[in-house]
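Have the structure open as you read.

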Amino acid sequence: MTRVGIPQGLFYYYYYPLWKTFFQDLGAEVVCSEDTSRKTVEMGIQAAVDETCFPIKVYFGHVRELCSADVDYVFIPRIVSVEPRSYICPKFMGVPDMIRAAFPDLPPMISPVVDVSKTDQRLKKEIIQVGRLLTRKTGLIKKAYLHGLKELAECENLAAKGLTRTEAIRFWEGEAISIPAKWDLNIGVLGHGYSLYDKLISLNLINRLREMGCRVHLVEMMDQDMMEQQAATMPKRVFWTLGRRIVGSALCMKEQEDIDGIIYLACFGCGPDSLIGDIVERKVNGKPWMLLTIDEHTGEAGMVTRLEAFVDMLRRRKMINVKGDLPAYGKSTYCAGGAAGRIEVGGHSAAAYQ
């Protein structure tokens, strides 16, 4: 049986159910790399050039793992655009070329071009070419792809109900998933999925917030039509697909009274993050806001301290009922009983004082 390896990084979190279903329906065995570990990171850092962002370095580590996994092919699509008039980060377009240059022992690569910025005709041809590596039956290839799209939609529905994309994938594969049913805070968490849903890259941000008694609201949980309407209010269209969804979700969260605060997870060295993060910070000035910037050197202790301070401040803010008086951006306000509150944001540490 043909074995196809899929690295567990980058757009794995968005499209893995589609590709796994597609290859399995054509008779292949799908081999996925293990969850990201420190070893994965170290292997990726050694193989990738310094200028790449942290998620791409992690992706290199997953590819290195698959090089020794006895696979017949490794699946690394060249992702250019996943919707009309929008694009993905330019660095992602060059990932297949960088991988070829970095790994001389790389198995044969399956690298279809995913570009639907103007039309999906090229993508359809690419899918047929990929399928013919496994079968000559064009009808079977088309059927497998449609089945993959159906399974992907099922996972997206699970994510819309409150699971992360990682949890949705694991539930889809038959694993039991449970999330806390009680919380006293609602926090919107924004960021690129390949950073946010990788527990090592994000330092397990989502589960840490859940353990602190917070319900986490993610981009996938937002009403998609409302999100697009909010994003359309920008003076200029955000042409990065993920960036536009983040901006639209942030504006939706700003209008939701039940959301107590917003956290943006950004990766150091990410160009889109540097721009989108600044836009979001300016647009959500009515909500407590915190920017977390991470890279391969980020320590867990510092992030946990910032999260605890941010969550404590939100609880104090609700407890003394001064939502309209306590500022979210770096100034101190004296409240009932002599308590003072302060949050520093935009890459600086958040703190709460009694």
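## The sheet

Strand E1 (residues 3–6) pairs with E2 in the parallel sense, over 4 bridges. Along that pairing, Ile6 sits opposite Cys32 in E2. Bear in mind that this is a predicted model.

Zooming out, 4 strands make up an open sheet, running E2-E1-E3-E5 with parallel pairing. At the edges are strand E2 (29–32) and strand E5 (109–110), each of which pairs on one side only.

## Helix H8

Helix H8 (residues 165–172) is mostly covered, with 6 of its 8 residues buried. The buried ones are Arg165, Thr166, Glu167, Ala168, Ile169 and Trp172. Their cover includes helix H1 (12–25), helix H7 (138–160) and helix H10 (205–211). After H8 comes Gly174, which has a positive phi near 105°.

## The largest pocket

The largest pocket holds about 930 Å³ of space. It has 49 lining residues, and Phe11, Tyr14, Tyr15, Val82 and Leu152 are the closest to its centre. The lining splits into 34 nonpolar, 6 polar and 9 charged residues.

H7 gives the largest share of that lining, 8 residues. Helices supplying at least two residues each include H1, helix H6 (121–131) and helix H12 (241–255).

## The second largest pocket

Here there's about 200 Å³ of space. Of the 16 lining residues, Thr164, Thr166, Glu167, Lys199 and Asn207 lie nearest the centre. H8 and H10 are the elements that give two or more residues to this lining, and H10 has the largest share, with 4 residues. The lining of the second largest pocket divides into 5 nonpolar, 6 polar and 5 charged residues.

How values were computed:
Residues are numbered from 1 along each chain as its sequence is written. This is a predicted model: local features need pLDDT of at least 70, side-chain atom pairs count only at pLDDT 80 or more; totals for chains, interfaces and linings use all residues. Side-chain values use heavy atoms; hydrogens and water are left out. Buried means under 20% relative accessible area, exposed over 50%, partly exposed in between (1.4 Å probe, protein chains only). Contact means heavy atoms within 4.5 Å. Two strands pair if DSSP finds at least two bridges between them. On a 1 Å grid over the protein atoms alone, a cavity is a set of points where a 1.4 Å probe fits but cannot get out, and a pocket is an open set with protein on both sides within 12 Å along at least five of seven lines; lining residues have an atom within 4 Å of a point. Grid points are joined across faces, edges and corners, and a volume is the space filled by probe spheres set on the points. Ala, Val, Leu, Ile, Met, Phe, Trp, Tyr, Cys and Pro count as nonpolar, Asp, Glu, Lys and Arg as charged, and the others, Gly among them, as polar.
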